[in-house]
Amino acid sequence: MESKLKELLKLVSDYDGSYDGAAYNIRSNGQCAERNSTEHIRIESKKDAPGLEVHILPGTKGEKVYIPACVTQTGFHDLVYNDFYVGEDADVEIIAGCGIHAEHGEETLHNGIHRFFMGKNSHVVYKEKHIGTGASKANRVIDPVTEAYLKEDSVLEMDTVQMGGVDHSKRKTVAELDARAKLLIRERIMTDGEEIAETEFSVVLKGEDSGADLISRSVARGNSKQHFISQIHGTTRCTGHSECDAILAENGCVTAAPALEASCIDAELIHEAAIGKIAGEQILKLCTLGLTEQEAEERIIAGFLK
């Protein structure tokens with residue numbers, strides 16, 4: 001395995017030379033570099049498109065699945081379709097992530113389309129980290145799409161992170177929830193320079209007592225731009241919450257457009273959005289403890305995105 005691939009795998013999926021017997025598939029420049037299935041989790045190639053089918057047997061508990069995808073060939077365009085079939089009563093953690101290393105301005109792209117089919121009473125923690133490395137003038141693009149279909153009493157927790165080096169990203173997440181299903185999303189984004197990041201959430205709460213909690217925290221530095229759109233549709237008795245908190249630095253720009261649609265009198269939907277700079281008193285307080293202004297700002301941002 002090439003050294004650059006190993007470096008990216010460590011950044012996006014905590015790879016340390018192995019995944020300790022877990023189920024995994026390593027994708028490198030559009031090809032499978034390594035794969036392993038376990039007794040309860042089967043990974044196989046899709047027959048009709050590039051990508052994977054991941055089958056998690058009913059009742060599977062405490063196991064992890066790693067599906068990192070990396071691009072180290074400048075100018076390469078990668079497209080992958082991954083489907084996850086999560087059996088009833090399963091409780092697992094899925095670690096995804098994409099790293100792109102590029103050395104010049106030709107567009108290098110990864111587009112991952114993930115679909116989750118969650119069985120009744122199943123639980124998945126899904127972690128996805130995106131990062132770009134290489135020359136500052138390279139053009140790295142990551143456009144992830146996630147579709148989630150949650151059966152009764154299932155829970156999907158998504159923790160998505162993008163902390164630098166990605167010149168353009170467009171993240172789209174759509175979900176449909178049956179009765180008592182829960183969707184929890186925590187998004188953290190850092191952009192700098194001329195980077196652009198777009199987020200779009202669209203969630204339909206169609207089952208009674210289903211719920212969604214969508215939280216995005218972001219920092220826009222340099223001349224970067226971010227766009228946040230969230231739509232929650234409540235069609236029955238349900239609860240939905242959408243929140244966008246953003247910090248601006250230098251000439252960063254953030255737009256937030258949360259939207260709610262309720263077609264049932266028992267739907268309880270809330271949205272919040274806050275955009276602003278770091279409070280001066282926060283920096284001053286840390287400076288009195290011996291930090292420089294730049295160190296204080298970095299400390300505040302790190303805590304905000306934690």
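Modeller: Leaving aside its neighbours within four places in sequence, Arg-237 is in contact (heavy atoms within 4.5 Å) with Gly-207, Glu-208, Asp-209 and Ser-210, and also with Cys-264, Asp-266 and Ala-267. This is a predicted model, in which local features need pLDDT of at least 70 and side-chain atom pairs count only at pLDDT 80 or more, while totals for chains, interfaces and linings use all residues. Residues are numbered from 1 along each chain as its sequence is written, and side-chain values use heavy atoms, with hydrogens and water left out.

Arg-237 itself sits in the loop between β19 (225–234) and β20, where helices (H or I, at least four residues) and strands (E, at least two) are DSSP runs, numbered from the N terminus. Its relative accessible area is 37%, so Arg-237 is partly exposed, a class that lies between buried (under 20%) and exposed (over 50%), with a 1.4 Å probe and protein chains only. As for distance, Arg-237 and Gly-99 are 138 residues apart in sequence, and their C-alpha atoms are 40 Å apart in space.

One of the contacts of Arg-237 is Asp-209, which belongs to the loop between β17 (196–205) and β18 and is likewise partly exposed, with a relative accessible area of 34%. Most residues other than glycine have a negative phi. Arg-180 also has a positive phi of about 65° although it is not a glycine; Arg-180 lies in the loop between β15 (168–177) and β16, and it is partly exposed at 40%.

The buried residues of α3 are Ala-296, Glu-297, Ile-300, Ile-301, Phe-304 and Leu-305. Seen down the axis of α3, these buried residues fall within an arc of 155°, so they line one face of the helix, the arc being that of the directions from the helix axis to the C-beta atoms. An α-helix has 3.6 residues a turn, so residues three or four places apart point the same way. The elements that the buried residues of α3 pack against are α2 (280–287) and the strands β16 (182–191), β18 (210–220) and β20 (238–248).

A cavity is a set of points on a 1 Å grid over the protein atoms alone where a 1.4 Å probe fits but cannot get out, and lining residues have an atom within 4 Å of a point. About 50 Å³ of space lies in this second largest cavity, a volume being the space filled by probe spheres set on the grid points, which are joined across faces, edges and corners. Among the residues that line it are Glu-187, Ile-189, Ser-216, Ser-218, Phe-228 and Cys-244, and β19 gives the most, with three residues. Its lining divides into five nonpolar, five polar and one charged, where Ala, Val, Leu, Ile, Met, Phe, Trp, Tyr, Cys and Pro count as nonpolar, Asp, Glu, Lys and Arg as charged, and the others, Gly among them, as polar.

By this rule the count comes to three cavities of 30 Å³ or more, and the largest cavity has a volume of about 80 Å³. Of the 14 residues that line the largest cavity, the closest to its centre are Cys-98, His-110, His-114, Glu-128 and His-130. The strand that gives the most to this lining is β10, with three residues, and the lining as a whole divides into seven nonpolar, six polar and one charged.

Glu-128 and His-130 are also touched by Val-161, as are Lys-129 and Arg-188, not counting residues up to four places away in sequence. Val-161 is found in strand β14 and is buried, with a relative accessible area of 9%.

Note on methods:
On a 1 Å grid over the protein atoms alone, a cavity is a set of points where a 1.4 Å probe fits but cannot get out, and a pocket is an open set with protein on both sides within 12 Å along at least five of seven lines; lining residues have an atom within 4 Å of a point.
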